[in-house]
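The following exercises are to be worked with the sequence and the structure in view. Each task is followed by a solution in steps.

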Amino acid sequence: MNKSSGLSDWVLFFGFAAVVLTMPLWLAPFGAAYPDLMQKFAIFGVFAIGFNILFGLTGYLSFGHAAFLGAGSYAAIWSYKALTMNVVPAILFAVIVAGIFAFLIGYVSLRRSGIYFSILTLAFAQMSYNLAYSVLTPITNGETGLQLTLADPRVLDAMVGIEATSSLPLPNFFGIITTGIPGFYFCATVLIIAFFISLRIARSPFGMMLKAIKSNQTRMAYTGFNTRPYLLWAFVISGMYAGLAGGLMAVTDPLAGAERMQWTASGEVVLMTILGGAGTLVGPVIGAAVIKYFENIFSAFNKAELQQIFSALPDGLENIVVSVASMFVGKGWHLTLGLLFMIVVIFLPGGIMEGVRRIGRLMGIGKKPETQPVSVANSQQGQANG
Amino acid sequence: MSNKKTPLSTWTRRDVLKASAASTAIAGAPMFFSRHAYGADFLNNPGDGKTVTLGFNVPQSGAYADEGADELRAFELAVEHLNGGGDGGMLNTMQPGNLKGNGILGKKVEYVTGDTQTKSDAARASAKRMIEKDGVVMVSGGSSSGVAIAVQGLCQEAGIIFMAGLTHSNDTTGKDKKANGFRHFFNGYMSGAALGPVLEKAYGKDRRAYHLTADYTWGWTQEQSIQASTENIGWTTEQKVLTPVGAGDFSQYITPILNSDADTLILNHYGKDMINSLTQAVQFGLRDKSVNGKDFQIIVPLYSRLMAQGAAENVKGIYGSTNWHWSLQDEGSKAFVKSFGAKFGNPPSQAAHTCYVQTLLYADAAERAGTFEPCQIAKALEGHKFDGMGNGPTEYRAEDHQCFKDVLVVKGKENPSSQFDLLEIVEVTPRAQVEYAPDHEMFAGGDLGSCNNGA
């Protein structure tokens, strides 16, 4: 079954798994080795990988993927509230609900392509956001966010005699609490499995069909293929990935808010994918990590910390440097991210992965293992990034 | 992992799954066991370290960003005073006061900040960073009750004390109260109870109210509280309309009021939302209107000087309530206004005041408890009575961790003497009038639970 992929895919897969699982070690020097941020890396990695199945392979740019993320989160929280605090049903429920949701939205949106498709998905996502925000408050609890309460029924837990007494129960994986570091390993394992599936999809005849749709859909139609079912499946799978990510968010933190469905969240995953390299396998994960790193670390710098960093400079100069630098950190982190994004799009249209590949080419054979197969597999991405 | 000598390409999927599960378990195992291996009896114990870190989580973007910026200034000032810098501010007026300006329990106070973006997700991510990475012993901040409740829940789960900043929803110390969470600020019920008699005196017993309400926990509970207290004085409620937070443009909500039978508009909005909706309501000519032979009136139940500054001319003559105002003449308020003004060049807002006071109260409780252990601090705060912090005699009620004190009813000044002198105090409503039973129907349905040390 692995004839088409060969050895390099396994190297890629195990390299990826090793890098993900050792995050707590190599992220420490960057100040990012704390559970919440590493969980976010893994969760948004899943989200971006799923988005890439649609955008990277077929070239269909969805601007509404956050709707599935939010639907997944709500579904998972409801599973906690109604059934059990075990995360397995919650995740299954999240994926299924997101899948159904994606099928409905995809069925309508995929009747159009290009910018019309993007606008349709954006409209559906914004509609879902507004529904979650104000119309469906009994289900979503609106702006306040859906939270657990002591009085929730938790039918399955009650059946086996687990009862919450004085404090709220925590989500668990058959007894292992899934917050903090164990939560990270749970998300990391899911990320690795998700990555494996996306690798298999990219290498399968189905993946080939999706790439063919991206390169020339009209020609596909002329040769007698009906592309719509393929697109719809790609959309549903991608939506299920988003639902999985939403479910994981609920696994590590049992709360769901409507802002997860907002258009900014949909835009964020587009940025992640393009920043990392659309169409590449690893790129979206890197893009997700970069954006989450900026959001959490750069936004936390304040003037006092900057003054400490630049304290070696002479006083007058220090003040100037600090006041310039403070525009780019703290609440100005969006500015830094925007600049980085522009630089990447202008000079590296293939995203960070293209940069890695260029460096690899400069250094000849001395490439990193995980970059090698990607460059083989994706000779023609970059077209769709414009 | 697997010691089979087969080439990789003949691996079955099952092999791969087994291998990845095994490697996960191997890589993860040390972390499972080391999670509780900090050797401390509570989370983020500063131990023998020379410093202790506090986390200040405020909105630096979004509809409440102005309040957030002022809260951050107050935190900065509080830390300076705790470490013995500046003129000491309320450290000198606090009664009983155990703070000597040598940090907390002899440890120098450091702080980290974060942006809540007025979103629950971002706020929790930011608070988690503080707890997991920066090792804070306390998180404070707020400016949106939705966010405050979300972060309070997080602190309860993690085992950290949460000193709520600006949060006015009844739910914070009602339905969603938590053993590790404490609120100094007043709430919607207190606003209603204080405003009722004043409104009766000013506008009579026969009015028809139209509510525009921010669509989240704070808006809902404040609307409920104000409705109850205005109906109590004989008013009727014409209609209640929910508006999204951060809407920016409220004209679509204001036009229907012009065509309704209402003669009073109650704006359950805060921050930039209140500035926008009030400005638009005035621009649409609501205040020049007369309905049923009565002049149309606008009421803003939760007022702040920052908002008044933003809405400028439009606040003149408009009633509301506030937790604290810089023009108060007690010793505590004077000391605080003086040191805040000296450092930042403008008087503090009520948001700044409550955040400053909360930080000092936390420090004082730690001194009295002799430890940073959350449960001991909670015990020290429960039922604590204090004075000299700007609100007169105040008590942290043990049953729901809500502070009880006098409430100010204010009115937009007709002839302001400076750009900060925008509100005049109409009445100081005594504590007895705004107090309620812990199981009052507007606060029922929650449970403090037991306090959590996080270890």
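**Exercise 1: A helix pair in chain A**

The crossing of helix 4 of chain A and helix 12 of chain A is right-handed in this predicted model. Task: determine which residues make the contact of this pair, and how the two helices lie to each other.

Solution. 
- Step 1. On the side of helix 4 of chain A, the contact is made by Phe68(A), Leu69(A), Gly70(A), Ala71(A), Gly72(A), Ser73(A), Ala76(A) and Ile77(A). Helix 12 of chain A contributes Gly239(A), Ala242(A), Gly243(A), Leu244(A), Ala245(A), Gly246(A), Gly247(A), Met249(A) and Ala250(A).
- Step 2. Sorted by class, the contact of these helices holds 10 nonpolar and seven polar residues, and no charged ones.
- Step 3. Two packed helices are described by the angle between their axes and by the distance between those axes. Here the axes of helix 4 (residues 66-82) and helix 12 (residues 227-252) of chain A come within 7 Å and cross at roughly 45°.
- Step 4. Angles from 65 to 115 degrees count as roughly perpendicular and those under 35 as roughly parallel; helix 4 and helix 12 of chain A are therefore oblique to each other.

**Exercise 2: The contact between the chains**

Task: state how many residues each chain gives to the contact, and describe the side of chain B.

Solution. 
- Step 1. Chain B gives 40 residues and chain A gives 43 residues.
- Step 2. On the side of chain B, two or more residues come from each of helix 1 (13-34), strand 2 (108-115), helix 3 (120-132) and helix 4 (145-158).
- Step 3. This side of chain B comprises 12 nonpolar, 16 polar and 12 charged residues.

**Exercise 3: The domains of chain B**

Task: identify the domains of chain B and describe their contact.

Solution. 
- Step 1. The assignment divides chain B into domain 1 (51-186 + 326-400) and domain 2 (189-322).
- Step 2. The centres of the two domains, taken over C-alpha atoms, are separated by 29 Å.
- Step 3. Domain 1 of chain B supplies 18 residues to the contact and domain 2 of chain B supplies 20 residues.
- Step 4. Helix 2 (65-82), helix 4 and helix 11 (350-369) of chain B each provide at least two residues of the domain 1 side.
- Step 5. That side of domain 1 has six nonpolar, eight polar and four charged residues.

**Exercise 4: Confidence in chain A**

Task: find which elements of chain A have the lowest and the highest mean pLDDT.

Solution. 
- Step 1. Chain A has a mean pLDDT of 85, with 92% of its residues at 70 or more.
- Step 2. Over residues 367-386 of chain A, pLDDT stays under 50.

How values were computed: Residues numbered from 1 in each chain as written. Chains lettered and ligands numbered in written order. Predicted model: local features only at pLDDT ≥ 70, side-chain atom pairs only at ≥ 80, totals over all residues. Axes fitted to C-alpha atoms, helices over the stretch in contact; angles between N-to-C directions. Helix = DSSP H or I, 4+ residues; strand = E, 2+ residues; numbered from the N terminus. Parallel < 35°, antiparallel > 145°, perpendicular 65-115°, else oblique. Left-handed = near helix turned anticlockwise from the far one by under 90°. Contact = placed C-beta atoms within 7 Å. Nonpolar A, V, L, I, M, F, W, Y, C, P; charged D, E, K, R; others polar. Domains from an automatic or database assignment. pLDDT = per-residue confidence, 0-100.
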